[in-house]
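Me: I want to go through the labels on this model one by one. For each, tell me the value and the cut-off behind it.

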Amino acid sequence: MSIAKRLASQTAVYGISSIVGRVLSYLLVPVYTGRFAAAQYGIVTGLYAYVSFLNVVFTYGMETTYFRFANRPGTDRRQLYDQVMSMLLVSTVLLTALLMWQAPVLLRLLNLPPSSERYALWIALILGMDALAAIPFARLRLENKARKFAGIRLANILLYVALNLFFIVFCPDVLAGKYLTSLQPLVARVYDPSMGVGYVFLSNLIASFLTLVLLGRELTDFRFRISLEPLRPLLKYAYPIMLMGLAGMVNETLDRILLPKWLPDNFYPGQSSLTAVGIYGACYKLSIFMQLVTQAFRYAAEPFFFAQSADKNSPRTFAMVLKWFTLCCAIIFVVVSVNVEDFGRMFLHRAEYLEGLVVVPVLLLANLFLGVYWNLSVWFKLTDKTYYGTYIGFGGAVLTIALNFLLIPVLGYMGSALATLACYFTMAAVCWWLGNHHFPVPYPVVRLLTWIGLAAGVVAVAWYVPVSEYWTRHAFHVLLTLGFIALLVLVERPHRLRTA
């Protein structure tokens with residue numbers, strides 16, 4: 001099988017689990033927006049924003065580090081796995097205990113009542129279990145066991161979705177007498193109506209535990225050993241990755257933390273700042289279609305890039321991969337942005353959420369450039385210059401904070417969306433410029449920017465050419481979408497995907 005087809009095959013397997021899992025998970029958005037007011041959903045959005053930061057701290061760059069050292073000539077992969085798992089086990093236990101001890105502090109940061117302390121305790125356990133699963137998952141990717149990886153991920157999502165539906169839909173409906181009233185005594189024993197959004201976190205906790213059970217073979221297949229000397233090069237490589245990850249979380253999630261703090265009172269008439277966060281968080285979910293492709297690609301591409309690093313033709317391969325990745329993402333950007341009204345009404349049931357749809361094209365384009373950045377970042381990972389990733393990430397974080405500070409008081413959550421776009425575009429541009437000096441790759445930059453610009457133009461036409469009649473408007477949007485796809489296929493068809 002050619003190099004490109006092998007990567008595409010691996011991406012497809014990871015993508016199936018990501019797409020199916022995320023779609024199932026995303027079906028919860030209409031459940032949340034239908035059952036919880038925007039202010040309540042804002043609690044979930046805000047708390048998970050902090051979780052994103054803590055996830056990076058708990059794993060501190062060990063996944064990428066494991067891939068890098070496992071692909072070095074002469075590495076004893078068995079011993080490397082033992083060392084990394086042992087170190088992660090010790091740090092996870094300590095960090096989980098610390099977070100549980102400091103749960104009241106987390107509640108105060110989020111302005112949550114003391115009665116919500118159990119949420120923080122569950123979050124600490126979720127973070128600990130997810131950290132312990134990180135290296136076993138990385139091992140499955142390294143050994144090309146994509147199907148097992150995908151199966152476990154999918155099982156996690158299925159259980160999470162099922163538990164959400166059980167606690168948030170089924171139990172309240174039964175107690176309200178909508179159906180199966182004979183089960184009311186049983187439901188009353190397992191369901192506490194006062195917990196509300198807490199069941200989102202409880203479902204996550206149970207699903208994370210299932211993941212550990214399914215990874216039992218990988219978790220137990222290591223010998224506990226910690227030696228300082230072998231760990232030093234690992235930590236030296238990993239800590240810039242961790243800092244880069246923290247900076248990345250600033251760029252990805254800090255807007256939902258800063259929005260309620262910097263949004264002027266009554267900026268959106270009749271809405272609280274927490275309501276605005278809930279609306280923005282729900283609409284941000286519509287960028288999931290771009291995130292799915294990026295995530296699936298990253299699962300397959302990271303071990304692939306390291307494995308191809310010694311091939312003399314690797315620069316051509318990397319250029320080809322970026323090209324097709326970007327073209328696929330451009331299609332997704334057009335399909336979702338042009339038809340965002342349909343997607344919004346499909347997933348956001350309450351009218352209060354629909355007013356935030358204007359941010360969706362901006363966030364989709366932002367995530368496209370984030371995917372481009374992850375492609376371009378291969379140069380500093382392969383040259384062991386991960387500190388450049390830290391510099392780029394922190395530069396993006398500074399830009400994110402500065403632009404949110406300037407734009408939120410003027411544009412509200414659209415300011416946050418534009419800050420995200422500016423950050424990811426700048427990171428991709430800087431990464432390409434630095435990579436061109438340290439690890440030249442013949443990326444077709446002008447060609448790809450032309451396609452992205454054309455896609456943005458198509459989206460702008462769909463948004464700013466008014467068509468009042470419903471069916472005429474939708475027919476116009478469909479024609480725009482099909483026209484862009486047809487043009488792309490017509491132009492790029494001669495440049496078929498082939499081996500580098």
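Me: Why is Arg 139 called buried?

Reply: Its relative accessible area is 13%. Buried means under 20%, exposed over 50%, and partly exposed in between, with a 1.4 Å probe and protein chains only. So Arg 139 counts as buried. Some ground rules: this is a predicted model, where local features need pLDDT of at least 70, side-chain atom pairs count only at pLDDT 80 or more, and totals for chains, interfaces and linings use all residues. Residues are numbered from 1 along each chain as its sequence is written, and side-chain values use heavy atoms, with hydrogens and water left out.

Me: Where does Arg 139 sit?

Reply: Arg 139 is in helix α7, residues 117-142. Helices are DSSP runs (H or I, at least four residues), and strands are too (E, at least two); both are numbered from the N terminus. Tyr 66 is 73 residues from Arg 139 in sequence, yet the two C-alpha atoms are 8.4 Å apart in space. Tyr 66 is one of the buried residues of α4.

Me: What makes helix α4 mostly covered?

Reply: Eight of its nine residues, 62-70, are buried. Among them are Met 62, Phe 67, Arg 68 and Phe 69.

Me: How do you know that Asp 82 and Arg 78 form a salt bridge?

Reply: Their closest N and O atoms are 3.0 Å apart. A salt bridge needs a side-chain nitrogen of Lys or Arg within 4 Å of a carboxyl oxygen of Asp or Glu. So the pair qualifies. The two are four residues apart in helix α5, which means about one helical turn separates them.

Me: What other salt bridge does Arg 78 form?

Reply: Arg 78 also pairs with Asp 221, with the closest N and O atoms 3.1 Å apart. This pair links distant parts of the chain, 143 residues apart: Arg 78 in helix α5 and Asp 221 in the loop between α11 (216-220) and α12. Asp 221 counts as partly exposed, at 31% relative accessibility.

Me: Which residues are linked in the network of salt bridges?

Reply: Arg 78, Asp 82, Arg 139, Glu 143, Lys 145 and Asp 221. A search of the whole structure finds nine salt bridges.

Me: What makes Glu 492 and Lys 323 a salt bridge?

Reply: The closest N and O atoms are 3.1 Å apart, so the pair meets the distance criterion. It links helix α23 (residues 470-492), which holds Glu 492, with helix α15 (residues 314-338), which holds Lys 323; the two are 169 residues apart. Glu 492 counts as buried at 2% relative accessibility. Lys 323 is buried too, with 10% relative accessible area.

Me: Why are α12 and α20 called roughly parallel?

Reply: Their axes cross at roughly 5° and come within 7 Å. Axes are lines fitted to C-alpha atoms, for helices over the stretch in contact, and angles run from 0 to 180 degrees between N-to-C directions. Under 35 degrees counts as roughly parallel, over 145 as roughly antiparallel, 65 to 115 as roughly perpendicular and the rest as oblique. So α12 (residues 228-262) and α20 (residues 386-411) are roughly parallel.

Me: Why is Leu 94 called exposed?

Reply: Leu 94 has 57% relative accessibility, so it counts as exposed. Leu 94 lies in helix α5, residues 77-101.

Me: Where is Leu 180, and what is its phi?

Reply: Leu 180 is in the loop between α8 (146-175) and α9 (184-190). Its phi is also positive, about 45°, although it is not a glycine. At 47% relative accessibility, Leu 180 counts as partly exposed.
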